[in-house]
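This report describes selected features of the structure shown below, moving from individual loop residues to the contact between the chains.

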Amino acid sequence: MATEIGGIGVSVKRKEDARFIRGRGNYVDDVKLPGMLYMDIARSPYAHARIKSIDTSKALAIPGVLAVITGKDLVPLKLEWMPTLMSDKQMVLPTDTVLYQAQEVAAVVATERYIAADGVAAIEVDYEPLPVVVDPIKALLPGATIVREDRAQKDNHIWHWEVGDKAGTDKAFADAEVVVKQDIYIPRIHVASIETCGMVASFDKINGKLTVWMTTQAPHAIRTVIALVAGHLGLSEERIRVISPDIGGGFGGKVPVYPGYVLAIGASVLTGHPVKWIEDRSENIQADSFARDYHITAELAAKKDGTMQALRVKTIADHGAFDAAANPSKFPAGLFHVVTGSYPFEKSFVEVDGAYTNKPPGGIAYRCSFRVTEAAFTIERLVDVLALELKKDPAELRMQNFIPPEAFPYKSVLGWEYDSGNYGRALKLAMDKIGYAELRKEQAAKRAKGELMGIGISSFTEIVGAGPSKHFDILGIKMFDSAEIRVHPTGKAMVRLGVKSQGQGHETTFAQIVAEELGLPVGDIAVEEGDTDTAPYGLGTYASRSTPVAGAATALAARKIREKAKLIAAHLLEANPDDIEWKDYKFQVKGVPTKSKTMQEIAFAAYTNHPQGMEPGLEAVDYYDPPNLTYPFGSYICVVDIDKGTGEVKIRRFVAVDDCGTIINPMIVEGQVHGGLTMGLAPALYEQINYDDDGNIQGGNFMDYLLPTAMETPNWELGKTVTPSPHHPIGAKGVGESATVGAPAAIANAVVDALAHLGVRHIDIPITPWKVQKILKENGVAE
Amino acid sequence: MAVQTAPAKTSGTTRMKVHVTVNGEAHDVEVEARILLVHLLRENLGMTGTHIGCDTTNCGACTVLLNGRPVKSCTVFAVQADQMSVATVEGLEKEGKLDPIQEGFHEEHGLQCGFCTPGMMITAAALLTANPDPSELQIRQAISGNLCRCTGYVNIVKSIQYAARKTRETRKEA
């Protein structure tokens, strides 16, 4: 029956495919309005410079250029700065100083896209270069160039954040039998969704209504932000409509508010015309928020027998010139303190210091829930360093230490309550699937012959579904989410949500939740998201929160409808509601299957024959404040071979066993894991954004920033265990990011394992052929 | 800030006439010489199925067939397509019937956000015309100029294998 209606657990083919495979998607750049103008942005070639003058006359002389907006023009409007989500502020346009290369300097509005670009080329800016600091460690030294002269505090330190028992942890380390310590740099990377960011802003001067089509993962929050930033100019929230149309991948990069959005809105208000702004790739990859950039020192204390006891982590976080990360307010380092991972440490202390540098804002996610990849990579790498120190098999060391299944719900030493887990079962399944024991034998034989083969494990625990209102808010707005369901008289349903798909398949999976709860066929349920004029308020899709939060809201809204439907069924069946039961997706008189009513019959009655005294209609809305986060987990095993000539790492096999609780659509979950693994492979072996000492970006386009192609990406092998979340209405945990979180450590551990006999303990990602070849040469084994 | 009130419509650059056949339909368009083929399709002809992802011929979101050969339309001038035929994603479905490639992408979950999908399917179409029975490696090589950030390529490969199989079976039946 679940299969017939397309309920939970069925691989329903995606509804949204129909338009995409025909080229009929509606992305922001596809929106065209009458009289629409185009905006383009002039950007700084310098990482730090004083603006002596801006000459816009040549640009304005170009036929078709209508306006040039500079920072000085924004001052009377009080729009030259905007607040960030992290209690910092960010320049919309600079009035006197630029703080990173590719920073916005001026906006040109023109009748055509190409003319706007001509205008940008014709703007003449006289810069006086200033000293540059790109290394956050140097930025925190006394006497360092100060990035943010606008602040009262005259250094580059943003904040210090710590959690845990420092004295107790220090004592545990002092008393420990074994201590391992590892410096780990997790470099700056960019999500690089294939669609860049953009907006069409349309301000109607007559009724004062602003409508924007925007690449945003969080349309409702953005509406509130616009009202807060520009409320003083008369843009009030009921007259702001944010539409997030089809989104060509988000991964965290479409959560922040970028200056271009503010400028496009300003340009529309100014000109009275709709204005389109679409980034090109180099703007996207050079100026939009970056992920990671964590300089970590991690230490683990253990007994000689391998029992892990204490974890101490110190980190310097490079946030660039503005702290424009998109973390919940309380957590400037995100959820990094899930760093104790899958292990029951008795003591732990974690501290993070944020630093300003002359780089674009950093600290957003890269398909991961608020710094969880940084945490998972640190602990999973460190466990392997301990295994090498103790000469223990890394699988055995993990099995020995895992939080046992009977310990759940498990309270971690740093304060999280893990909802459910069975880590040993997932690792055992991964080991069986890949043939772990045989691979170790093969490795020993190969090593004897001088061949380089490695096996790497990562048994990660994620923390997603932000989050409970007690701890989680963005700009004070609690991180609940919402669903509204309307069942029409003919038994068809419309579902609207506060989240927004960027490829995750919400139109299908959320319809499946409703199908399961109400017994309506999945094809009869339409899902609509991303229009703030119609959808209920929610915080959006990122940090794997759609299923844990909006999915729960959907199930609960459906259950509210079912409660009402039960009363209508009793009325129709002339029975007492207490004698009515929900069975086989219908209401029936208890024990009498012949006396039953389908949801379609009940829906019709809700509008045509409802019980007297009851409100007509059949709809419900639910705002869900999750009682806890969810904790998906998994065990990944990677096998690599290393070319001794080139240093190239070749992934031979990769087995990923994931546990995301209840699975709504197995096909979509597999697709999410495939994509997540590829975005785990990317930073492990290929992607990194570097800067030279002058702050020039190295790799600011797709010719230099290496996204994995089909040739680098292996044929991922998947497995699963199912450990439902006890607090989620359908037991689901979320899966979109697990693989991105778990994969990098498995790959790095495999490469280190292949080279461990040479004394290698760690290699910073991305593990490029150059880095490997250097190690091979130093050890005299390069060919 | 200076704002001009009377928009002028000329840019002063050379304009040229282009005769191009897109998905079998002939178009005569006058464009600036510098206009890219992808902008001719998207802006002048209003066919927004072809996407722009990188501007540097790396991502392949803008792939179309030019006289049957896959090209990245973000680095081809519109005038270079003069007197030529262009095939885009909008032309894959014929007489209300999906191409086996479109069917394959749906059946095998070969797309997520859908942004790379048109270029990916057009590249696949060119591959299957040249090689109706490609190996997995040949498929991976063929699409290595098309980047996808969502799917990890596994299901894209399966989608193209589905299309190849289906096309061969249909030919046999015929």
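## Loop residues, strands, helices and chain contact

B:Glu95 lies in the loop between β5 (84-87) and α2 of chain B; helices (H or I, at least four residues) and strands (E, at least two) are DSSP runs, numbered from the N terminus. Phi of B:Glu95 is near 50 degrees, a positive value in a residue other than glycine. With 4 other C-beta atoms within 10 Å, B:Glu95 is exposed. A residue is buried if 20 or more other C-beta atoms lie within 10 Å of its own, exposed if 12 or fewer, and partly exposed in between, with C-beta atoms placed from the backbone.

The model is predicted: local features need pLDDT of at least 70, side-chain atom pairs count only at pLDDT 80 or more, and totals for chains, interfaces and linings use all residues. Residues are numbered from 1 along each chain as its sequence is written, while chains are lettered from A and ligands numbered from 1 in the order in which they are written.

A:Ala192 counts as buried because it has 26 C-beta neighbours inside 10 Å.

|---|---|---|
| A:Phe408 and A:Pro409 | about -5 degrees | A:Pro409: between α12 (394-401) and β18 (410-411) of chain A |
| A:Ile765 and A:Pro766 | about -5 degrees | A:Pro766: between α19 (738-755) and α20 (769-778) of chain A |

**A sheet in chain A.** Five strands of chain A form an open sheet of mixed pairing, in the order β9-β17-β16-β15-β10. Two strands pair if DSSP finds at least two bridges between them. The edges are β9 (157-164) and β10 (178-189) of chain A, each of which pairs on one side only. From one strand to the next, the twist averages 10 degrees. β10(A) runs antiparallel to strand β15 (residues 291-302) of chain A, and eleven bridges join the two. Within this pair, A:Ile184 has A:Ile296 in β15(A) as its bridge partner.

**Helices of chain A.** Helix α11 (residues 372-390) of chain A has 19 residues, which at 1.5 Å a residue should span 27 Å; its end C-alpha atoms are 27 Å apart, in agreement. The expected span is 1.5 Å times one less than the number of residues. Because 16 of its 19 residues are buried, α11(A) is largely enclosed by the rest of the structure. Just after α11(A), A:Lys391 takes a positive phi of about 55 degrees.

Two packed helices are described by the angle between their axes and the distance between the axes. For helix α15 (residues 506-518) and helix α16 (residues 546-573) of chain A, the angle is about 35 degrees and the axes are 9 Å apart. Axes are lines fitted to C-alpha atoms, for helices over the stretch in contact, and angles run from 0 to 180 degrees between N-to-C directions. The contact involves residues including A:Phe510, A:Ile513 and A:Val514 of α15(A), and A:Ala555, A:Ala558 and A:Ile561 of α16(A). Residues are in contact if their C-beta atoms, placed from the backbone, lie within 7 Å. By class, this contact has seven nonpolar, four polar and three charged residues. Ala, Val, Leu, Ile, Met, Phe, Trp, Tyr, Cys and Pro count as nonpolar, Asp, Glu, Lys and Arg as charged, and the others, Gly among them, as polar.

Chain B has five helices and five strands, which run β-β-α-β-β-β-α-α-α-α from the N terminus. Its C-alpha atoms fill a box of roughly 60 × 35 × 25 Å along the principal axes. Of the 174 residues of chain B, 52% count as buried.

Strands β3 (residues 63-66) and β4 (residues 69-72) of chain B pair in the antiparallel sense over four bridges. B:Leu66 stands opposite B:Arg69 in β4(B). The hairpin has two residues between the strands, and B:Asn67 takes a positive phi near 50 degrees.

In the contact between the chains, 51 residues of chain B meet 54 residues of chain A. On the side of chain B that touches chain A, α2 (100-107), α3 (117-130), α4 (136-142) and α5 (154-173) each supply at least two residues. α2(B) gives the most to this side, with four residues. By class, the side has 21 nonpolar, 21 polar and nine charged residues.

Definitions and conventions:
Two residues are in contact if their C-beta atoms, placed from the backbone, lie within 7 Å.
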